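Thanks for coming. I have one model to go through today, and I will keep it short. Please have a look at it before I start.

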Amino acid sequence: MAKQQWRTDPREALKAGPDFDLAAFDRNGQPGWEGDRDGGEEYMARRGEEMSELQERLFAEGRSGGNRSVLLVLQGLDTAGKGGIVRHVMGMVDPQGVKLASFGVPTPEEREHHYLWRIEKQLPPPGRIGVFDRSHYEDVLVVRVDELVPREVWSGRYDEINAWEQKVIESGTTLVKVALMVSYDEQGARLMERLERPDKYWKFSPGDIDTRSKWPAFQEAYADVFARTSTEQAPWYVVPADKKWYARLAVTEILTRTLEDLDPTWPPATFDVAEMRAALQETIDHPA
Ligand code: ADP
């Protein structure tokens with residue numbers, strides 16, 4: 001079998017540019033990846049080890065006064081595989097270096113504040129990889145589709161989100177925005193599986209069918225998110241999600257390449273290494 005590899009950087013292959021057309025997007029595709037599932041899984045495991053070392057370096061940098069962090073924003077409709085990304089991709093790195101936050105229906109307290117209030121509180125501290133399982137984008141997705149606020153309110157949020165993200169970037173956080181796009185048919189099959197397997201019932205809620213029935217409105221809302229908030233500094237990566245192995249492989253690669261670009265370095269010692277070595281040797285040679 002020919003070499004299995006990324007023919008194109010997935011950050012290029014998956015970036016939503018100005019001409020991005022969600023309606024024409026192949027949700028069963030594997031853009032940029034030249035290979036099959038087995039090759040992809042093997043490649044992902046190897047890259048996971050590299051990602052893990054890079055993450056440890058970023059963590060060490062954060063412990064030593066660095067201010068950089070990474071934030072993975074995960075969006076996608078029910079069954080798109082957000083949980084699988086958290087488990088299988090983030091599961092490859094030390095959990096101490098990861099800060100995970102999930103955003104569901106706002107609590108009464110959250111509702112009393114601006115929609116970015118609860119989001120801001122969960123930004124990753126220096127050295128960490130933050131993961132948002134849903135995010136502030138729900139405030140222009142479900143909120144728009146379900147008309148939870150009037151149009152004049154949600155329509156102002158795209159610019160507001162861009163400006164807020166710009167500030168987050170300036171504070172040292174690299175944003176990686178990933179939208180997992182599952183097809184209508186595949187979502188139907190995945191929801192049906194949840195109703196056929198007792199070990200999956202817990203993942204199902206009756207509201208999932210209601211949301212599914214608004215599919216076209218959600219697609220339109222997602223298309224606007226990509227058109228209006230895929231910026232140069234914080235682009236959207238739109239990931240086909242019908243092949244779970246591809247989505248996980250692609251997110252692993254995007255994160256690993258992002259960390260490679262940050263190139264965190266091991267912090268130098270803040271003490272005299274030779275002196276400390278001699279002092280330790282002394283305790284080995286002459287036990288207390
Ligand atoms: P999941 O379905 O991802 O497993 P939960 O059941 O905890 O997670 O809740 C997610 C639900 O919360 C989704 O239906 C989502 O649309 C909703 N949600 C998230 N953010 C908001 C928001 N800002 N306003 C209203 N609903 C929201």
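Is E49 buried or exposed? E49 is exposed, because its relative accessible area is 61%, and exposed means over 50%, buried under 20% and partly exposed in between, with a 1.4 Å probe and protein chains only. Its place is in helix α2, residues 37-63. Helices here are DSSP runs of H or I with at least four residues, strands are runs of E with at least two, and both are numbered from the N terminus. From E49 to A247 there are 198 residues in sequence, and 18 Å in space, C-alpha to C-alpha.

Before going on, the ground rules. This is a predicted model, in which local features need pLDDT of at least 70 and side-chain atom pairs count only at pLDDT 80 or more, while totals for chains, interfaces and linings use all residues. Residues are numbered from 1 along each chain as its sequence is written, and side-chain values use heavy atoms, with hydrogens and water left out.

Now the overall picture. The chain has 13 helices and seven strands. Its C-alpha trace spans about 75 × 55 × 40 Å along the principal axes. Of the 288 residues in the chain, 47% are buried.

Back to helix α2 for a moment. L54 is also found in α2. This residue counts as buried because its relative accessible area is 6%. L54 and F218 are 164 residues apart in sequence, and their C-alpha atoms are 36 Å apart in space.

Next, the ligand. Which residues are around the ligand? They are D78, F103, G104, V105, P106, R118, R134, E138, D139, V142, V143 and L148, where the criterion is a heavy atom within 4 Å. G104 has a polar backbone atom 3.2 Å from a nitrogen atom of the ligand. V105 has a backbone N or O atom 3.1 Å from an oxygen atom of the ligand. D139 uses its side chain, with a polar atom 3.2 Å from a nitrogen atom of the ligand. Taken alone the ligand exposes 570 Å², and the protein buries 62% of that; these areas come from the Shrake-Rupley method with a 1.4 Å probe, and for residues only the protein chains shown count as cover.

On to backbone angles. Most residues other than glycine have a negative phi. T79 has a positive phi, near 75 degrees. T79 lies in the loop between β3 (69-76) and α3 (82-88). At a relative accessible area of 7%, T79 is buried. E147 also has a positive phi, near 50 degrees, and is found in the loop between α6 (142-145) and α7 (151-154). Is E147 buried or exposed? E147 counts as exposed, because its relative accessibility is 67%.

Helix α12, residues 244-262, has 19 residues and reaches 27 Å from its first C-alpha to its last, close to the 27 Å expected at 1.5 Å a residue. The expected span is 1.5 Å times one less than the number of residues. Of the 19 residues in α12, 16 are buried, so the helix is mostly covered. Just after α12, D263 takes a positive phi of about 45 degrees. Helix α13, residues 273-285, has 13 residues and reaches 18 Å, close to the 18 Å expected. At the start of α13, a side-chain oxygen of D272 comes to within 3.1 Å of the backbone nitrogen of A274.

E120 is in α5, residues 117-120. E120 counts as partly exposed, because its relative accessibility is 42%. E120 and S135 are 15 residues apart in sequence and 10 Å apart in space, C-alpha to C-alpha. P125 is in the loop between α5 and β5 (129-133). At 29% relative accessibility, P125 counts as partly exposed.

Definitions and conventions. A polar contact is a pair of N or O atoms within 3.5 Å; within protein, one must be able to donate a hydrogen and the other to accept it, and residues adjacent in sequence count only if both atoms are side-chain atoms.
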